[in-house]
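Reader: Hi! Could you walk me through this protein model?

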Amino acid sequence: MSATAATGRVGRFYTAARRHPWVLGKVADWKIPLGPYTPAQIAVAVGGGFLLVKSIGWWSWMGPVPIVAWVLTVWAVRRPKVKGRAPLQAALGWVLLAWQPQGGRMGGRAARDRMSRPLLGGFTLEEAAPAVPAAAAAARADQPAPGRSAHRGPVARPSARPRPEPQAPSQTVGPVSGVQQLLARAQQAGGAR
């Protein structure tokens, strides 16, 4: 086995944006003299030129030094990066960060904590519901529902030992929940309607 086959193959893909960065002054093979220029270079050239013209009374005694410094500054910002980003995008990011609300945004609006307020509530203690006697529950289970025939399956054999009957509670307690109250009313009225 050869050494090249033992190593893994490496493939690279370069996007068009990385091969051709955003520049001004390049059309096909033609480019403007000393160009093409990035947006940062154009901004420094325009802004620096404006400042030089407006402040000529201050620096005219220095000769061509400010003009050479301006040209070198335009050349120096050809590929600047601020934490891996272009200067204009970095400046925009800082402006947007300063503009953000302190708590961030939720759904496009400034997220703010709501004012605290007391949570008031109450509760009610009721007595427990009475247990249904096993004999009554078994009698209801053996009767088919109205409109249905009785189940005709294998007959269950009673076990040899008798089951102890559950003892009824010593105190009669009314239904607890609304559903239990409705069931109790239906039972008193003679079954389901």
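Predicted model: local features only at pLDDT ≥ 70, side-chain atom pairs only at ≥ 80, totals over all residues.

Reader: Thanks! How many helices and strands are there in the protein chain?

Author: The chain has 8 helices and 4 strands (DSSP runs: H or I of at least four residues for helices, E of at least two for strands, numbered from the N terminus). Starting at the N terminus, their order is α-α-β-β-α-α-α-α-β-β-α-α.

Reader: And what share of the residues counts as buried?

Author: Of 193 residues, 8% are buried, meaning under 20% relative accessible area with a 1.4 Å probe, protein chains only.

Reader: Now the helices: at what angle do α3 and α5 pack?

Author: Helix α3 (residues 39–54) and helix α5 (residues 65–76) pack at about 165°, with axes 8 Å apart (axes are lines fitted to C-alpha atoms over the stretch in contact, and angles run from 0 to 180 degrees between N-to-C directions). The two are therefore roughly antiparallel, the word for angles over 145 degrees.

Reader: Which residues meet there?

Author: From α3, Q41, V44, A45, G48, G49 and L52 meet P66, I67, W70, T73, V74 and W75 of α5; contact means heavy atoms within 4.5 Å. By class, that contact has 8 nonpolar, 4 polar and no charged residues, with Gly counted as polar and Ala, Val, Leu, Ile, Met, Phe, Trp, Tyr, Cys and Pro as nonpolar.

Definitions and conventions: Residues numbered from 1 in each chain as written. Heavy atoms only, no water. Parallel < 35°, antiparallel > 145°, perpendicular 65-115°, else oblique. Buried < 20%, exposed > 50% of the residue type's maximum accessible area, 1.4 Å probe, protein only.
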